[in-house]
Amino acid sequence: MALSEHKTHVGRDTLIRVVTPKPLTESHAARYAWAAARFALGWIFLWAFLDKTFGLGHETPAAKAWIDGGSPTEGFLAHATAGPFAGFYHDIAGAAWADWLFMLGLAGIGAALVLGVGMRIAAAAGAALLVMMWSAVLPPENNPFMDDHLVYAILIIGLALVSAGDTLGLGRWWGGTRLVKRLPFLK
């Protein structure tokens with residue numbers, strides 16, 4: 001069990017030592033587990049960005065790479081969406097603004113997670129993007145409600161709440177910058 005220790009004054013000359021258990025999220029093992037989850041989720045976002053940009057052949061063939069004129073949103077949104085929001089997704093499929101927002105989101109969220117900076121914005125944007133991905137195919141294929149997109153959305157919010165960017169990341173440094181002190185939502 002990790003312990004937190006601090007000294008406090010009781011009265012004028014009496015000093016006592018208070019030892020209490022640290023929250024589990026502050027133990028070294030937990031901090032490293034959160035950092036590993038942060039790297040893993042960050043890589044999922046970055047890989048999707050890289051594969052769609054360069055057509056690395058995993059999900060995106062080279063002929064449909066974004067740098068070669070392919071649309072990262074058209075194929076899926078035009079042909080694979082289902083459920084109550086399918087019409088909305090069909091309407092935005094292949095739109096330049098949708099392609100740019102999607103790709104900037106993948107790159108920005110992935111980079112923020114891997115570096116451990118901007119975790120609050122990454123959590124908000126990432127959760128929104130993941131919920132939209134979930135809503136594009138309703139109901140999910142293997143469950144009446146839950147799928148990996150919702151699990152990832154919960155995870156990314158948890159990463160921000162426990163300051164996961166501070167361990168094996170630049171989060172502690174980023175949080176100490178003048179900019180972030182002035183605009184704390186950037187933490």
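Me: Which residues of α1 meet α6 in this predicted model?
Reply: The model is predicted, so keep that in mind as you look. On the α6 side, the partners are Tyr152, Leu155, Ile156, Gly158 and Leu159. Facing them from α1 are Trp34, Ala37, Arg38, Leu41, Ile44 and Phe45.

Me: Are α1 and α6 roughly parallel, roughly antiparallel, roughly perpendicular or oblique to each other?
Reply: Helix α1 covers residues 28-54 and helix α6 covers residues 148-161, and their axes sit 10 Å apart. They pack at an angle of about 130°. Roughly perpendicular stops at 115 degrees and roughly antiparallel needs over 145.

Me: Is the crossing of α1 and α6 left-handed or right-handed?
Reply: Here you want the sense in which α1 passes α6. That crossing is left-handed.

Me: What about α5 and α6: roughly parallel or roughly antiparallel?
Reply: The axes of α5 and α6 are 8 Å apart, and the packing angle is about 170°. Anything over 145 degrees falls in one class, so α5 and α6 are roughly antiparallel.

Me: How many residues of the contact of α5 with α6 are nonpolar?
Reply: From α5 the contact draws on residues including Met119, Ala123, Leu130 and Trp134, and from α6 on residues including Leu150, Ala153 and Ile157. Two of the contact residues are polar and one is charged. The nonpolar count is 15.

Me: Which residues lie nearest the centre of the largest pocket?
Reply: This pocket holds about 1,400 Å³ of space, and 45 residues line it. Elements giving two or more residues to the lining are α1, α2, α3, α4, α5 and α6. By class, the lining has 29 nonpolar, eight polar and eight charged residues. Nearest the centre are Lys52, Pro72, Phe76, Phe102 and Met133.

Me: How far apart in space are Trp174 and Lys187?
Reply: Trp174 lies in helix α7, residues 171-175. Leaving aside neighbours within four places in sequence, Trp174 is in contact with Val117, Gly118, Leu179, Val180, Leu186 and Lys187. Trp174 and Lys187 are 13 residues apart in sequence, and C-alpha to C-alpha the distance is 7.0 Å.

How values were computed
Residues are numbered from 1 along each chain as its sequence is written. This is a predicted model: local features need pLDDT of at least 70, side-chain atom pairs count only at pLDDT 80 or more; totals for chains, interfaces and linings use all residues. Side-chain values use heavy atoms; hydrogens and water are left out. Axes are lines fitted to C-alpha atoms, for helices over the stretch in contact, and angles run from 0 to 180 degrees between N-to-C directions. Helices (H or I, at least four residues) and strands (E, at least two) are DSSP runs, numbered from the N terminus. A crossing is left-handed if the near helix is turned anticlockwise from the far one by less than a right angle, and right-handed if clockwise. Contact means heavy atoms within 4.5 Å. On a 1 Å grid over the protein atoms alone, a cavity is a set of points where a 1.4 Å probe fits but cannot get out, and a pocket is an open set with protein on both sides within 12 Å along at least five of seven lines; lining residues have an atom within 4 Å of a point. Grid points are joined across faces, edges and corners, and a volume is the space filled by probe spheres set on the points. Ala, Val, Leu, Ile, Met, Phe, Trp, Tyr, Cys and Pro count as nonpolar, Asp, Glu, Lys and Arg as charged, and the others, Gly among them, as polar. Angles under 35 degrees count as roughly parallel, over 145 as roughly antiparallel, 65 to 115 as roughly perpendicular and the rest as oblique.
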